[in-house]
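Please look over the sequence and the structure shown here before reading on. The report that comes after them is meant for a reader who is meeting both for the first time.

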Amino acid sequence: MKQKLYISGMILGATKKSIVILGNGISGITTARHLRKKTDYSITVISEEAPFFFSRTALMYVYMGHMQFEHTQPYEADFWEKNKIQLIQKRVIQLDSENQQLLFDDKSSLSYDNLVLACGSIPNRFGWPGQDLKAVQGLYHKQDLDNLEKWSDSIHEATVIGGGLIGIELVEMLHSRGKKVHFLIRESSFWNTVLPPEESELVNQHIRAHGIDLLLLSELKSIKGDTDGRVCAVKTKDGKELPSEFVGLTVGVSPNVAFLKESGLAIGKGILVNRFLETNLPNIYAIGDCAEQQEPLPGRSAIESVWYTGRMMGETLAQTLAGKKTAYQPGPWFNSAKFFDIEYQTYGQISPSPDKKKENQIYWQHPNKNCAIRLSFDPNSMKILGGLSLGIRMRHATFDQWLTQNYQIEEVIKNLDAAFFDQEFSLNYLKEFQNEWELKKSEFAFRL
Amino acid sequence: MFSIKRQGSIGLGLLGLTLLFFALIIPIENKTAYLGISFLLLTLGGLFYFNAIYGNTLAGIKNDGVWFNALSTRGISGWILGMFLTAFYIAIYWFPEVLGYNEQGVSTGLVALFDPLSYLLNGNAATQWFLYGTLYTFAIILFGIKFIWKYWGNRYQLFRTLSVIFFQFCFAFFIPEILSKLNPDTPYFAKDLKNMWPLNYYFLDQWHLKNMLNGGNLGLFFLVFGLVMIFIISPILTYRYGKRWYCSWVCGCGALAETAGDPFRQLSSKKLSVWKFERWMIHAVLVFVVVTTIAAMWSFLTDNPELSFMTRGQFISGVVIVLIILMLTLFFWNKNGLEKDAKYTLISLGTILTLILSIQSFSGQYTILFIDAYSFQKWYGFGIGAAFSGVLGVGFYPFLGSRVWCRFGCPMAAILGLQQRLFSRFRITTNGGQCISCGNCSTYCEMGIDVRAYAQRGENIVRSSCVGCGICASVCPRGVLKLENGELEGRINTTAYPLGNNMEVNP
């Protein structure tokens with residue numbers, strides 16, 4: 001039906017350029033919205049997963065009962081029609097770049113003038129024995145949420161494997177519904193590839209305070225099934241057997257590119273793109289989780305699978321498609337998360353184990369509350385490099401300014417008050433942090 | 001274990017409630033003891049329950065399972081509660097005799113059960129309004145404790161809740177009752193200092209004005225204080241802090257919504273169409289209350305020239321001049337990019353002006369547009385004062401959310417809201433590019449504001465309806481929202497992109 005409309009639109013306004021966006025996540029939808037503001041092109045968004053854009057990061061709150069699925073959709077259903085953004089819910093099986101068209105699993109096709117690939121990621125699986133048993137899954141798609149809900153009532157005990165952001169979310173979700181949860185982490189401490197040791201330890205303790213069975217330095221050996229083919233236990237490499245009616249595999253995600261292998265697109269781990277988000281094929285672009293920068297930006301990963309970068313790539317590409325060729329140029333890195341009750345924000349560069357010649361850090365932690373602040377700086381120029389906070393909200397705009405304008409660390413600490421973003425009447429730990437700096441300052445100077 | 005504690009405490013509370021309503025059927029001998037035991041059971045049931053659900057938890061957001069709970073999502077228990085509340089309100093307003101109230105003689109039943117407390121506080125037998133006020137205040141204190149427990153560790157929510165409890169208990173309940181006891185011979189007038197016009201719509205009605213003027217020093221004090229509140233204190237506080245200083249820190253309706261109504265806040269509709277309806281509705285009520293009040297003043301000045309210091313002609317001219325000044329100010333301010341909101345306000349003011357001028361040109365002594373001035377008051381009292389604020393406002397908590405009255409019907413909220421949008425330092429700041437569009441803020445906004453729509457664009461939220469409860473900021477998982485007071489300049493910002501992208505943007 002929708003496709004018919006689209007085709008008749010093509011006939012009536014034959015000159016209108018048609019932009020087809022594959023994927024209705026934050027990257028694809030941002031492109032569509034900004035492009036609509038700037039042009040009258042025909043815009044079509046394809047998704048197999050869901051009819052309307054929803055916030056992927058909010059799926060956890062649906063399972064926890066904070067919201068209904070509808071609440072995760074930032075726009076009302078008639079928004080798309082009003083803005084003449086056509087939505088197609090179908091599965092694309094092939095890209096025919098020669099004829100500039102996409103083929104669907106129902107044998108129909110759709111041609112494009114410009115194609116935007118924003119097809120996201122898929123959860124990783126590393127070939128563990130038993131990984132295909134029933135009630136073994138990742139948490140990424142809407143369908144994963146539906147499946148989890150389907151199993152939910154029959155879960156008493158569950159194991160989540162992989163200590164990253166999705167892992168801890170899944171642990172919190174299961175815990176909120178009264179399940180006993182084992183949290184299996186390969187590393188010696190939670191997310192310590194990103195978090196410095198003190199913060200990581202603080203989160204470890206918080207996870208345990210919630211009654212989670214946190215197993216550090218533990219690796220999955222195999223997953224055991226029952227006679228119905230459903231998981232019943234998890235075996236670890238150190239010989240433990242954890243009874244589990246559900247297993248969450250949250251060991252990272254990879255670009256969702258399998259269906260593009262034969263398309264002629266240059267693919268590494270993801271779809272290779274240049275700074276302008278162009279692929280090797282004409283009129284085809286890739287953004288978001290599925291894109292891999294041929295030359296990563298200084299200090300950044302080639303694949304950045306976070307919400308914010310997806311959005312920024314979408315904003316950038318809309319400019320290019322609207323006729324103003326624009327390079328992907330994100331400002332200083334920032335990210336955020338929440339570990340159970342502890343909010344986490346980070347700005348710029350905070351290395352988990354910094355090379356002290358290039359990056360020095362000052363850290364303060366509340367003696368008994370889940371609050372901590374860390375700032376990093378260049379020990380030679382004394383310029384600020386980054387900031388990280390747990391349990392304390394920081395003002396993005398202030399940090400952005402400090403980082404882009406290369407503020408001195410002294411100056412930053414003196415004015416740290418300007419960065420606090422907690423609700424009014426919240427306790428403010430400015431003095432404590434400044435005292436910590438005064439104590440440690442001589443030590444840093446000595447290193448100089 | 002947990003569920004035994006929960007069910008046991010709910011049972012205890014329900015027993016208390018049942019005992020109370022048993023007084024409708026069975027004559028009570030020892031009222032003091034009976035009332036005391038009922039309230040004790042209610043209190044203990046409540047406290048045990050709050051302890052069961054929050055007692056062993058870490059500080060954090062406690063919204064787990066909100067959408068699985070029938071009570072808070074229009075399930076069967078929600079419907080039962082809603083119908084019970086609605087029935088109670090209908091009885092209070094229109095059939096108090098059902099509760100045992102006897103206007104001519106000695107009350108019986110539930111109303112009479114409250115006699116001991118009423119004699120103690122104000123020296124008279126209980127009325128249905130005393131019964132209502134007591135239960136209302138009790139609910140705010142009890143569920144206020146729950147709210148504080150729920151948001152333990154959040155000092156904004158703590159102070160705000162202590163504030164509404166304080167103002168309800170002292171200003172709306174305790175002080176007015178004591179003042180009545182100390183001044184038994186003065187005619188009745190409202191003694192709740194914080195209940196200002198136009199929320200207290202009869203403040204300037206003929207009978208109320210007369211009673212205040214005949215109420216000695218106390219009456220005069222309340223009259224002067226009421227006027228000072230309307231014209232001086234409120235505009236200053238709203239300029240400095242937004243309408244939250246009243247709506248979610250002081251107001252009694254707000255107090256009930258924020259405490260007992262908290263489990264229902266997520267039921268408010270966030271649809272664009274409802275927002276449009278809200279804007280028309282709230283302005284219509286505003287026009288209605290202003291015209292009603294002016295009509296009341298008109299008839300007061302007509303009937304009591306000896307009590308007044310101006311003639312009705314002077315009064316009407318004064319009002320017309322004030323309205324014209326307001327309209328002109330708005331008209332010239334229009335250039336600041338407030339077209340839509342200013343338009344609504346202009347239309348409202350224009351309507352009021354037209355209606356008032358019609359007093360002069362068309363009407364006899366008591367009529368506006370051929371309608372009896374008194375019937376304006378009567379219909380306002382019935383439609384807005386009772387049906388809307390009471391029955392719909394509270395009775396429908398479990399159906400439409402906790403702030404239906406505040407959002408669609410409260411003329412006070414309308415006036416404060418106009419000022420908040422046009423002339424106030426208050427705004428909700430969004431934190432650069434940190435929003436992940438999850439929707440918790442919008443879901444838990446009791447006023448039905450789609451907070452996320454602003455946050456995900458990196459835009460400040462400056463909405464006339466925002467009561468500043470701060471829950472959006474509390475439930476945000478990424479630290480994106482902060483209620484702030486700041487400079488007027490630049491508080492309404494419509495940025496092209498949220499912070500984070502360094503690309504050059506087309507102007």
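## Model and domains

The structure is a predicted model, and everything said about it here should be read with that in mind. The domain assignment of chain A gives domain 1 (18–122 + 254–321), domain 2 (136–251) and domain 3 (334–443). Taken over C-alpha atoms, the centres of domain 1 of chain A and domain 3 of chain A are separated by 35 Å.

Chain B is divided into domain 1 (76–94 + 186–424) and domain 2 (425–500), and 27 Å separate the centres of these domains of chain B, again taken over C-alpha atoms. Where the domains of chain B meet, 31 residues of domain 1 are in contact with 20 residues of domain 2. On the domain 1 side of this contact, at least two residues each come from α9 (216–241), α10 (244–247), α11 (252–258), α12, α17 (404–409) and α18 (411–422) of chain B, and α18(B) gives the largest share, 4 residues. By class, this side of domain 1 of chain B has 8 nonpolar, 12 polar and 11 charged residues.

## Where the chains meet

The contact between the chains takes 44 residues from chain A and 42 residues from chain B. On the side of chain B that touches chain A, α7 (155–182), α19 (440–443), α21 (471–475) and β4 (481–485) each supply at least two residues, with the largest share, 3 residues, coming from α7(B). Sorted by class, this side of chain B has 16 nonpolar, 20 polar and 6 charged residues.

One residue of chain B that touches chain A is B:Met503, which, leaving aside its neighbours within four places in sequence, is in contact with A:Thr316, A:Gln319, A:Thr326 and A:Gln329. B:Met503 is found in the segment after β4 of chain B and is partly exposed, with 17 other C-beta atoms within 10 Å.

## The largest nonpolar core

In soluble globular proteins, nonpolar side chains tend to be buried together. In this model the largest nonpolar core has 235 residues, of which A:Leu22, A:Val116, A:Leu117, A:Val247 and B:Cys472 touch the most other members. The largest share of this core, 14 residues, comes from helix α12 (residues 272–303) of chain B.

For A:Val116, the contacts, not counting residues up to four places away in sequence, are with A:Ile19, A:Ile21, A:Leu22, A:Gly28, A:Thr31, A:Tyr285, A:Ile287 and A:Leu317.

## A pair of packed helices in chain B

How do α12(B) and helix α13 (residues 312–333) of chain B pack, in angle and in distance between their axes? The angle is about 160 degrees and the axes are 9 Å apart, and α12(B) and α13(B) are therefore roughly antiparallel to each other, a description that applies to angles over 145 degrees.

At this contact, B:Ile294, B:Met297, B:Trp298, B:Leu301 and B:Thr302 in α12(B) meet B:Arg312, B:Phe315 and B:Val319 in α13(B). By class, the contact has 6 nonpolar, 1 polar and 1 charged residues.

## Backbone details

In chain B, the peptide bond from B:Trp197 to B:Pro198 is cis, with omega near 5 degrees, and B:Pro198 is found in the loop between α7 and α8 (206–213) of that chain.

In chain A, two residues other than glycine with a positive phi may be set side by side: A:Lys107, where phi is near 75 degrees, and A:Leu277, where phi is near 65 degrees. A:Lys107 lies in the loop between β5 (101–104) and β6 (109–111) of chain A, while A:Leu277 is found in the loop between β18 (271–273) and β19 (284–286) of chain A. Which of the two labels, buried or exposed, applies to A:Lys107? A:Lys107 is exposed, with 7 other C-beta atoms within 10 Å, whereas A:Leu277, with 26 C-beta neighbours inside 10 Å, counts as buried.

## A buried leucine in chain A

A:Leu403 is found in helix α9 (residues 396–404) of chain A and counts as buried, with 22 C-beta neighbours inside 10 Å. Although A:Leu403 and A:Gly331 are 72 residues apart in sequence, they are 9.2 Å apart in space, C-alpha to C-alpha. Not counting residues up to four places away in sequence, A:Leu403 touches A:Pro332, A:Tyr347, A:Gly348 and A:Ile384.

Methods:
Residues are numbered from 1 along each chain as its sequence is written. Chains are lettered from A and ligands numbered from 1 in the order in which they are written. This is a predicted model: local features need pLDDT of at least 70, side-chain atom pairs count only at pLDDT 80 or more; totals for chains, interfaces and linings use all residues. A nonpolar core is a set of buried Ala, Val, Leu, Ile, Met, Phe, Trp, Tyr and Cys residues joined through C-beta atoms within 7 Å. A residue is buried if 20 or more other C-beta atoms lie within 10 Å of its own, exposed if 12 or fewer, and partly exposed in between; C-beta atoms are placed from the backbone. Two residues are in contact if their C-beta atoms, placed from the backbone, lie within 7 Å. Ala, Val, Leu, Ile, Met, Phe, Trp, Tyr, Cys and Pro count as nonpolar, Asp, Glu, Lys and Arg as charged, and the others, Gly among them, as polar. Axes are lines fitted to C-alpha atoms, for helices over the stretch in contact, and angles run from 0 to 180 degrees between N-to-C directions. Angles under 35 degrees count as roughly parallel, over 145 as roughly antiparallel, 65 to 115 as roughly perpendicular and the rest as oblique. Domain bounds come from an automatic or database domain assignment.
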